[in-house]
Amino acid sequence: MTSSLRAQPLCLERCRAGETLSAPDLRWERERRTFVRHRTTEKMLEECLTPSVKHGGDTESCFCCVSGFCVSSSDCPPCSSGFYQPWGGQVTCLPCPAGLYTNTTGSVICQSCDPGYFTDETASVSCMPCEKGHFASTQNASRCKPCPEDTFCNTSSCTHCTMCPEGQESLDVGSVVCTLCPPGMYKGRGDDRCKYCHDGEYQVNSGGEHCEECPEDHYCPSPDINPISCPEDAFCPSGSSEPSYCMETFLRKDGESCRLAPLTIAILVVCVVVILLGVMYIIGKNRSRREDGPWV
């Protein structure tokens with residue numbers, strides 16, 4: 001320490017946390033664990049002690065001079081909105097990180113963005129709500145996530161997305177609404193998207209939760225149209241996608257089964273008669289040969 005100090009320091013009060021030392025005619029430099037104060041207007045140089053330490057459970061905010069006093073509070077302006085300083089005696093304020101904000105001056109800490117809100121910039125003075133189709137489920141969000149497939153959010157500041165109900169789907173991420181399953185398709189419990197009805201089923205309404213089996217004596221060639229009555233000469237058990245016919249030339253429908261057509265019966269009779277005549281002719285010819293015996 002020098003004993004040739006030419007003037008008593010103009011130090012009266014201590015700064016508080018959330019304020020910084022920033023007077024236009026003061027500059028602090030570190031030189032071998034000593035802080036030097038330059039006052040350009042008076043051309044005076046004063047050596048100061050090391051920074052102040054915790055005092056009474058709080059941190060003294062400014063660098064203390066040899067007299068033990070601190071720089072006047074007029075030289076310590078409060079941190080601006082969007083900035084904070086948890087420690088006293090600092091020369092700069094810190095910007096609030098992304099996901100945090102402060103809308104007051106002289107802040108010691110930054111506030112967290114609530115779920116459903118975010119800020120993706122530093123030094124923010126407020127948080128913005130997530131737009132529709134996006135959500136933020138935790139605090140301190142620096143961005144909002146889009147709703148995944150089969151979920152939606154139709155309001156701003158969503159903290160979570162809602163599953164699409166049965167009979168509805170959303171195929172894109174970031175959906176605001178769900179769309180109804182078209183006719184011929186359905187979506188039941190546990191399904192993540194609309195599915196086509198199976199063969200022999202139908203669903204003619206939008207937003208179907210299940211498909212109906214095609215009734216007996218009807219067939220359903222397409223799942224998005226009503227069942228069609230079965231033709232009189234065809235069979236259509238329940239769940240048919242097309243009618244089943246007997247062989248038109250040889251068989252004919254008889255109730256729930258097929259029977260031989262008259263033409264088929266006639267053909268079979270003729271064939272049997274021809275076969276029998278042929279067999280009788282061959283038997284007779286062989287018998288006559290045995291009766292005549294061998295030639296001498």
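Modeller: Start with C164 and C178. The torsion about their S-S bond is about -80°, so the disulfide is left-handed. The model is predicted, so local features need pLDDT of at least 70, side-chain atom pairs count only at pLDDT 80 or more, and totals for chains, interfaces and linings use all residues. Residues are numbered from 1 along each chain as its sequence is written, and side-chain values use heavy atoms, with hydrogens and water left out.

Colleague: What makes C164 and C178 a disulfide?

Modeller: The rule asks for a pair of cysteine sulfur atoms within 2.5 Å. The sulfur atoms of C164 and C178 are 2.0 Å apart. The pair therefore meets the rule. A disulfide is a covalent bond between the sulfur atoms of two cysteines.

Colleague: How many disulfides does this rule give?

Modeller: The count comes to 11.

Colleague: Where in the chain do C164 and C178 lie?

Modeller: C164 is in the loop between β15 and β16 (168-169), and C178 is in the loop between β16 and β17 (179-180). They are 14 residues apart, and the pair links distant parts of the chain. Strands here are DSSP runs (E, at least two residues), as helices are (H or I, at least four), numbered from the N terminus.

Colleague: How do you know that C147 and C161 are joined?

Modeller: Their S to S distance is 2.0 Å. That is within the cut-off, so the pair is a disulfide. With -80° about the S-S bond, this link is left-handed. C147 lies in the loop between β13 (145-146) and β14 (151-152), and C161 in the loop between β14 and β15 (162-163), so the pair ties together parts that are 14 residues apart in sequence. Both cysteines are buried.

Colleague: What about C197 and C211?

Modeller: A disulfide joins them, with S to S at 1.8 Å. The angle about the S-S bond is -70°, and the link is left-handed. C197 sits in the loop between β19 (195-196) and β20 (201-202), C211 in the loop between β20 and β21 (212-213), so parts 14 residues apart in sequence are tied together.

Colleague: Why is C197 called buried?

Modeller: Buried means under 20% relative accessible area, exposed means over 50%, and partly exposed is in between (1.4 Å probe, protein chains only). C197 has 9%, so it is buried. C211 has 14%, so C211 is buried. C271 has 39%, so C271 counts as partly exposed.

Colleague: What sets D150 and D217 apart as residues to look at?

Modeller: D150 has a positive phi of about 65° although it is not a glycine. D217 also has a positive phi of about 65°, and is not a glycine. D150 lies in the loop between β13 and β14. D217 lies in the loop between β21 and β22 (218-219).

Colleague: Are they buried or partly exposed?

Modeller: D150 has a relative accessible area of 4%, so D150 is buried. D217 has 46%, so D217 is partly exposed.

Colleague: Why is M280 called exposed?

Modeller: Its relative accessible area is 57%, so M280 is exposed. M280 is found in helix α1 (residues 262-292).
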